[in-house]
Amino acid sequence: MTHQRAFHDSLGHAASLVSRCLLPPRLTRGVGLAVAALADQLIPDPPNALHPVAWFGRWAGWLEARMWADSRARGVLFTAVALTPLAALGAGLEMLTRRHPLAHLTATAVAGWVVLGAGSLEREGAAMAGHLERGELPAARTRLGHLCGRLAEDLDEPELARAAVESMAENTADSAIASLWWGSIAGIPGLLVHRGANTLDAMVGHRNARYAHFGTASARLDDLLDLAPARLTAALAALVSPVVHGHPGQVARIVARDAHAHPSPNGGWCEAAWAGALGVQLGGHNVYPGGIAEDRGLLGDGPRPRAGELRRAARLVRWVTLAAAALALGAGALTARSGR
């Protein structure tokens with residue numbers, strides 16, 4: 001028994017030594033995030049009932065039912081209580097794996113795959129484009145609900161394509177670039193807390209009678225966490241725009257001119273970048289459930305998008321996300337080098 005224990009201890013030390021030689025600990029975060037981005041492209045999300053983000057949504061819904069009050073202070077407390085388990089889980093995973101590079105890489109990659117949503121966005125956009133190419137407007141209207149909450153029953157092809165492009169652009173920042181950004185800065189806690197804050201914003205960050213006060217903290221936190229990532233998303237969209245037949249200079253011009261026409265402090269940067277890359281015009285009149293109408297400023301020059309532009313918009317989601325993953329990997333490599 002003693003010899004067996006000594007053998008296993010020696011094997012463990014050898015594996016640790018090899019992993020440290022092959023992959024310095026400071027690099028595991030960047031590699032893990034890059035692996036997560038690739039896995040997000042290749043491995044579809046599990047059914048909603050089995051998805052950890054949906055588990056968090058159920059926890060937040062249970063908590064809201066017990067904490068809701070028409071009060072901003074209560075909303076602050078709700079946001080803090082809802083996110084605390086994610087912060088604790090992320091910190092625990094970092095602590096348990098930080099001295100074991102391969103375990104840390106794996107934990108980062110799995111957490112990243114759970115929170116990233118670029119692959120789903122691209123697949124939904126491609127599916128929408130297929131419906132529009134085949135003239136299946138009823139199916140496209142039903143599919144739009146997977147991307148955004150607008151009323152779709154009266155929308156034609158250009159308006160359906162516009163809604164999908166706008167949703168993909170904004171959600172590339174929300175569900176991909178921001179997660180990679182905060183994962184690079186704060187590791188697994190950054191990944192989980194950002195995704196949780198984004199989920200809370202989707203649940204309670206609405207300007208309606210129930211959430212006008214209670215949801216303010218969640219909405220403001222999500223805006224704050226996405227402030228830099230949204231601008232990075234626009235910059236990366238300009239950089240990779242040639243893959244969708246766009247021009248970086250044109251994207252930069254449209255973003256500088258039109259980003260502030262959007263009511264969101266972050267969404268305009270992403271949507272203006274997609275408009276510039278695709279050579280289309282976004283923005284305009286939107287109607288949401290309950291008859292809530294919103295008139296947004298126009299973004300970009302050119303015609304309204306159709307199925308072809310929607311398919312290119314989905315491709316742009318992929319390349320912007322992969323560019324962000326490459327940045328995360330590069331940041332990890334620089335950190336590893338400077339730490340030697």
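**Proline 248 and the chain around it**

Good morning. P248 is partly exposed, because its relative accessible area is 36%, and partly exposed denotes the range between buried, under 20%, and exposed, over 50% (1.4 Å probe, protein chains only). The model is predicted, so local features need pLDDT of at least 70 and side-chain atom pairs count only at pLDDT 80 or more, while totals for chains, interfaces and linings use all residues. Residues are numbered from 1 along each chain as its sequence is written, and side-chain values use heavy atoms, with hydrogens and water left out.

Let me place this residue. P248 lies in helix α11, which covers residues 248–258. Which residues does P248 contact, leaving aside neighbours within four places in sequence? They are A238, S241 and P242, where contact means heavy atoms within 4.5 Å. From P248 to L236 the separation is 12 residues in sequence and 9.4 Å in space, C-alpha to C-alpha.

I turn now to the whole chain. It contains 13 helices and two strands; these are DSSP runs numbered from the N terminus, helices being H or I of at least four residues and strands E of at least two. Of the 340 residues, 49% are buried. Among contacts between residues at least 6 apart in sequence, 71% join residues at least 24 apart.

Finally, the overall dimensions. The C-alpha atoms fill a box of roughly 75 × 50 × 35 Å along the principal axes.
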